[in-house]
Amino acid sequence: MLGAGFDTLALRRADLVDRLRVFGLDHPDVQQLKRERIDAAGATPASLPGFVPVDFEVSNLADGLAASAFDPRRRALFSWLNTLPYPTPDGVASTLDSLLELAAPGVGARRPRRPRGKSRQSMSARVW
Ligand SMILES: C[S@@+](CC[C@H](N)C(=O)[O-])C[C@H]1O[C@@H](n2cnc3c(N)ncnc32)[C@H](O)[C@@H]1O
């Protein structure tokens with residue numbers, strides 16, 4: 001999950017533990033806060049996500065995953081929800097380029113463009 005924020009999928013879904021490994025990519029400061037909140041909750045999570053610190057402005061997504069337990073030989077689904085308004089267009093584009101390094105042959109991505117006169121919220125990116 002790119003820009004995972006405080007997503008709780010891995011924490012909640014005990015039924016998926018033996019089938020799904022969740023990796024959350026986010027800014028290191030946000031990940032630190034998330035770890036603190038999980039600890040403070042005092043609950044026993046179904047599993048912990050893999051914490052992959054990545055700043056989309058300066059870090060390479062593929063390098064971040066390579067330094068984690070992520071196995072690029074296994075099937076993976078990437079999601080990047082509710083995050084595009086925050087990084088710069090260059091940060092989004094470089095992250096999509098990096099994602100394509102990991103993707104199967106034939107997968108492509110359309111770089112986000114900001115239509116003339118539109119706000120950053122109207123940017124869209126598409127991977128297929
Ligand atoms: C609105 S939250 C979305 C969280 C989650 N995807 C969801 O849909 O609930 C946006 C997330 O993007 C992350 N983010 C924004 N800019 C980032 C950057 N440059 N590098 C890494 N993460 C970034 C924030 O830390 C935050 O967790």
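Leu-25 touches Met-1, Leu-2, Ala-4, Val-52, Val-54, Leu-61 and Gly-64, leaving aside residues up to four places away in sequence. Touching, or being in contact, means that two C-beta atoms, placed from the backbone, lie within 7 Å. All of this comes from a predicted model, where local features need pLDDT of at least 70, side-chain atom pairs count only at pLDDT 80 or more, and totals for chains, interfaces and linings use all residues. Residues are numbered from 1 along each chain as its sequence is written.

**The core**
- Leu-25 also belongs to the largest nonpolar core, which has eleven residues: Met-1, Leu-2, Ala-4, Leu-25, Val-52, Val-54, Phe-56, Leu-61, Leu-65, Val-92 and Leu-96.
- A nonpolar core here is a set of buried Ala, Val, Leu, Ile, Met, Phe, Trp, Tyr and Cys residues joined through C-beta atoms within 7 Å.
- Buried means 20 or more other C-beta atoms within 10 Å of a residue's own, exposed means 12 or fewer, and partly exposed is in between, with C-beta atoms placed from the backbone.
- In soluble globular proteins, nonpolar side chains tend to be buried together.

**Helix α4**
- Val-92, Thr-95 and Leu-96 are buried in α4.
- Looking down the axis of α4, its buried residues fall within an arc of 100 degrees, so they line one face of the helix. That arc is taken from the directions from the helix axis to the C-beta atoms.

**The whole chain**
- The protein chain has four helices and four strands, in the order α-β-α-β-α-α-β-β from the N terminus. Helices (H or I, at least four residues) and strands (E, at least two) are DSSP runs, numbered from the N terminus.
- Of its 128 residues, 15% count as buried.

- Val-30 sits in helix α2 (residues 28-41) and is partly exposed, with 16 other C-beta atoms within 10 Å. Val-30 and Gly-5 are 25 residues apart in sequence and 6.8 Å apart in space, C-alpha to C-alpha.
- Ala-14 is in the loop between α1 (9-12) and β1 (23-26), and it counts as exposed because it has 11 C-beta neighbours inside 10 Å.
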